[in-house]
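Work through the exercises below with the sequence and the model open beside you. Try each task before you read its solution.

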Amino acid sequence: MTGFLAPERLWLLLLVPALVAAHVLVQRRRRTNALRFSALPLLASAAPRRRAWRRHVVAAGLVAGVAAAVVGFARPVGEVEVPRERATVVLAVDVSISMRATDVAPDRLTAAQEAAKRFVAQLPPRFNVGLVAFAGSGQVLVPPTTDRSLVDRGVDGLQLTSYTGIGEGLYAALQAVEQAPPDPDDPSAPVPAAVVLLSDGETTVGRTNADAAAAAAEAGVPVSTIAFGTPGGVITQDGVRTPVPVNEAELADIAETTGGRAYEAESLGELTEVYDDIGSSIGTVVEQEETTARWTGVSLLLVVASALGSLLWFGRISQ
């Protein structure tokens, strides 16, 4: 619950302590009468004994029901997740030589390709999906489209090349976002967009990550980053073994600056789980919804339960 549409009605919650006080006074009066009653042995033995806690349970249920009814009367508002109808998602995939490392079976690039296609397949059909590859520079391979086969073919065709320019990849992803087609039902409405950027290294060439992240933040495009690979990853090139660790902090800074999420994955299974989480967050939007009916239902349930308890224990609605 995040607020109320009619908060001025909450003053009626003062009825709750008033009802509690009235219940306490009634119970004290009953105890006083019971003491007088016990002075007459014959009458005392004839009077039925009831467990006091049952009266308190019934009263507590009624008071809670009143409190829930007042909350509902104030028209509470809560956050709910609802499916997005349209959005643009751009996948930016690192294709630097380090993606050849086999610390992730069968190798980083192949695992990334498989997980990316699974991710694309789970997105809502009306989502536009684009594909960017980056190494020394960034390139839009598939502009945002609803044709999943085009994206799959683009993912299958990823080729490794030299250097790593994460900033350049992000700039290319923002360029792809601008190429997204408008909503055919409302061409003037902005379509929400997000970037999912996967990399296994750190920027060595091109524009800085900080500048690219600032540009994404200014455009209102959150970037979720995936640091992919293990600390022990190595590649062999020209007979020389070179360590290719992941710079998690560098990618996390991009996510924080843009309002996205930072993830780490060291296997195909972990990467698939990351994409599942990203898909669920991108595929829904949080909206404000009035929850009066929910609180009214709780109130009715409490009152009915209290009434049934009173009938069961005392043979009548009132105690």
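**Exercise 1.** At the start of α4, which backbone nitrogen does a side-chain oxygen of D107 reach?

Solution. This is a predicted model, in which local features need pLDDT of at least 70, side-chain atom pairs count only at pLDDT 80 or more, and totals for chains, interfaces and linings use all residues. Residues are numbered from 1 along each chain as its sequence is written, and side-chain values use heavy atoms, with hydrogens and water left out. A side-chain oxygen of D107 comes to within 3.1 Å of the backbone nitrogen of L109.

**Exercise 2.** Check the span of helix α4 (residues 108-122) against 1.5 Å a residue.

Solution. The expected span is 1.5 Å times one less than the number of residues. For the 15 residues of α4 this should give 21 Å, and the end C-alpha atoms are 21 Å apart, which agrees.

**Exercise 3.** Describe how α4 and α5 lie against each other.

Solution. First take the axes, which are lines fitted to C-alpha atoms over the stretch in contact, with angles from 0 to 180 degrees between N-to-C directions: those of α4 and α5 come within 10 Å and cross at roughly 170 degrees. That makes α4 roughly antiparallel to α5, a term for angles over 145 degrees. Next list the contacts (heavy atoms within 4.5 Å): Q113, A116, K117 and V120 in α4 meet R148, V151, D152, V155 and D156 in α5.

Methods. Helices (H or I, at least four residues) and strands (E, at least two) are DSSP runs, numbered from the N terminus. A polar contact is a pair of N or O atoms within 3.5 Å; within protein, one must be able to donate a hydrogen and the other to accept it, and residues adjacent in sequence count only if both atoms are side-chain atoms. Angles under 35 degrees count as roughly parallel, over 145 as roughly antiparallel, 65 to 115 as roughly perpendicular and the rest as oblique.
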